[in-house]
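Visitor: Please show me the model, and then take me through it by question and answer.

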Amino acid sequence: MPKATYRIYPIYLGEIPEHDKSSFTYMVDMGKKTTCPFISFLLLGSNGRKILVDTGPCDAEWAAEYHMPLNIPAGCELTAILKERFQIAPEDLDYLICTHLHWDHSCGNHKFPGKKIYVQKRELEYALDPLPIHRGTYESPQYGVVSSWVKAKDQLELVDGDTEIDDGIRLVLLPGHSDGMQGVLVHTEDGEYLLAGDCINLYENWTGNAKLRHIIGGLHSDVKAYFKTYEKIEALERDEHIRIIPGHDPAVLEHEAYPVPHTPV
Amino acid sequence: MAIPTYTIKPLYLGEMTKYEKSMHTFTFDYGVKMHSPYLSFLVQGNGLNILVDTGPKNYEVIKKYHSHVEADVPPEVHILKVLEREGLKPEDIDFIICTHLHWDHCQNNDCFPGKKVYTQKREVLYAINPIELHWYTYESPQCGLSPVWAAAGTKLVVLDGDEEIVPGIEVFLTPGHTPGSQCVRVNTEDGYYLIAGDTVNIYENWAGNAKYRHVPAGIHVNLIEYEETFKKMDKIEFKEILPGHDMKVLDYPLYPHK
Ligand SMILES: [Zn+2]
Ligand SMILES: [Zn+2]
């Protein structure tokens with residue numbers, strides 16, 4: 001049993017204002033537009049650990065040129081938020097975890113010089129030579145830009161599969177949305193939380209609909225592997241009663257921290 | 001000896017009337033609706049009548065099990081009616097090639113009892129136990145249906161990769177849209193034609209766009225395999241490609257065309 005417990009703080013870093021919903025929910029709600037918030041998570045441990053999960057998107061100008069128009073309100077810069085809201089400077093962090101190397105999760109990696117960034121080995125391998133349709137998403141070398149995660153590549157700490165990296169912090173390989181996507185299992189006072197990254201974009205991906213138990217994300221490489229991964233998460237639900245926090249659901253931001261404090265009756 | 005040549009007649013077997021275009025062109029044109037036909041291809045030459053895919057059964061079946069599809073499949077465009085107008089009875093068909101085992105490509109296989117149906121081993125294995133997302137697409141037993149490709153009287157011939165079926169007719173394994181999709185290459189007087197099945201839903205999938213040289217179908221199993229398939233197809237010699245669901249295929253009643 002882990003000794004340390006953590007609190008999970010979601011941090012809002014702007015959004016894609018016009019995002020086709022079916023890119024969250026494969027073959028469901030095509031043509032319907034929704035917003036896609038960018039979310040990093042700060043984990044504060046009872047042991048004093050300060051861990052950052054994902055570093056958010058590039059700035060709006062870069063995105064407009066290479067990806068799509070973004071809405072990044074003033075004050076949404078990650079290091080500024082860490083400083084103002086949490087009084088944490090980049091050097092105060094113990095280490096970082098990147099769920100995957102898509103630009104909207106890794107573009108701040110270079111803002112934390114010298115800090116270890118945990119990534120799956122498979123993710124790095126894929127990011128270096130992805131399918132043509134994923135080159136932009138990874139800002140891969142073939143895309144003709146030098147992405148932030150490439151700038152900070154010497155900080156990458158590669159793990160190969162499910163790995164316990166710290167007291168109460170486990171990385172779980174969840175291929176599907178990306179080849180080497182990893183979730184983070186965080187031990188809290190209220191049991192295990194899974195930061196699912198974009199394996200589960202929205203709560204709806206997991207709750208499913210009338211026809212499907214779960215709905216995979218619209219961005220993926222291997223649909224079959226994605227379904228296998230969902231079976232793995234089902235097993236975690238069954239065996240460890242995990243709670244899931246999705247990667248891009250606005251509802252995640254309704255709470256300041258997880259576990260949400262119980263309101264006394 | 002010269003390789004025999006064939007002609008290819010696209011057969012219109014009804015259509016989807018408001019089909020979501022991004023299901024054809026993955027991540028492109030979300031929300032755009034289009035007319036998209038169900039097609040078979042009648043390949044004739046060297047004394048043979050060969051059918052590539054057999055199309056949907058009838059509107060009642062589609063409405064019952066595939067209610068998300070708005071379709072127009074009147075009885076007069078059922079495959080048997082269409083063949084009748086070509087002067088052909090089921091027994092005149094020498095054999096069938098199924099590009100893949102999605103319902104809209106094999107739902108009338110049982111109309112040709114005893115005729116060989118060439119399909120890929122990988123496709124059969126997947127069709128028996130697809131992921132939940134594809135249960136209805138394969139009408140698989142997991143959703144309580146009985147797929148027509150496995151009906152009594154049908155005669156599957158299971159292929160394992162690229163193969164010549166008869167001189168001038170070859171199949172190429174092209175996974176991506178489904179694990180065992182295959183394209184059919186037909187030798188004609190005007191060179192090779194490639195009947196692509198749903199590996200290429202519409203011409204745009206193959207022609208590509210400003211961003212990609214080829215665009216995968218929105219329905220797919222593995223995009224990494226799909227890309228390998230596109231690379232393989234880049235190397236296959238053919239003069240024209242015939243997509244699986246493009247109205248423009250019907251611009252010509254017969255291929256090769258003038
Ligand atoms: Zn994302
Ligand atoms: Zn089809």
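**Metal sites and interface**

Visitor: Why is the arrangement of the 4 donor atoms around the zinc ion (ligand 2) irregular?
Guide: Donors are N, O and S atoms within 2.8 Å of the metal (3.2 Å for Na, K and Ca), and water is not among the atoms, so sites may look incomplete. Four donors are tetrahedral if all angles lie between 85 and 135 degrees; four are square planar and six octahedral if opposite donors are over 155 degrees apart and all others between 65 and 115; anything else is irregular. The arrangement around the zinc ion (ligand 2) is irregular because its 4 donor atoms subtend angles of 88 to 166°.

Visitor: What kind of model is this, and how are its parts numbered?
Guide: Residues are numbered from 1 along each chain as its sequence is written, while chains are lettered from A and ligands numbered from 1 in the order in which they are written. Side-chain values use heavy atoms, without hydrogens and water, and this is a predicted model in which local features need pLDDT of at least 70, side-chain atom pairs count only at pLDDT 80 or more, and totals for chains, interfaces and linings use all residues.

Visitor: Which residues coordinate the zinc ion (ligand 2)?
Guide: The donor residues are spaced D-H-x92-D-x46-H in sequence. B:His105 lies in helix α3 (residues 103-106) of chain B and B:His245 in the segment after β12 (240-243), 140 residues apart; helices (H or I, at least four residues) and strands (E, at least two) are DSSP runs, numbered from the N terminus. At 2.0 to 2.3 Å, the coordinating residues are B:Asp104 (OD), B:His105 (NE2), B:Asp198 (OD) and B:His245 (NE2).

Visitor: Which residue of chain B forms a salt bridge with A:Arg213?
Guide: A salt bridge is a side-chain nitrogen of Lys or Arg within 4 Å of a carboxyl oxygen of Asp or Glu. Across the interface of chain B and chain A the rule finds 1 salt bridge. With the closest N and O atoms 3.3 Å apart, the partner of A:Arg213 is B:Glu132.
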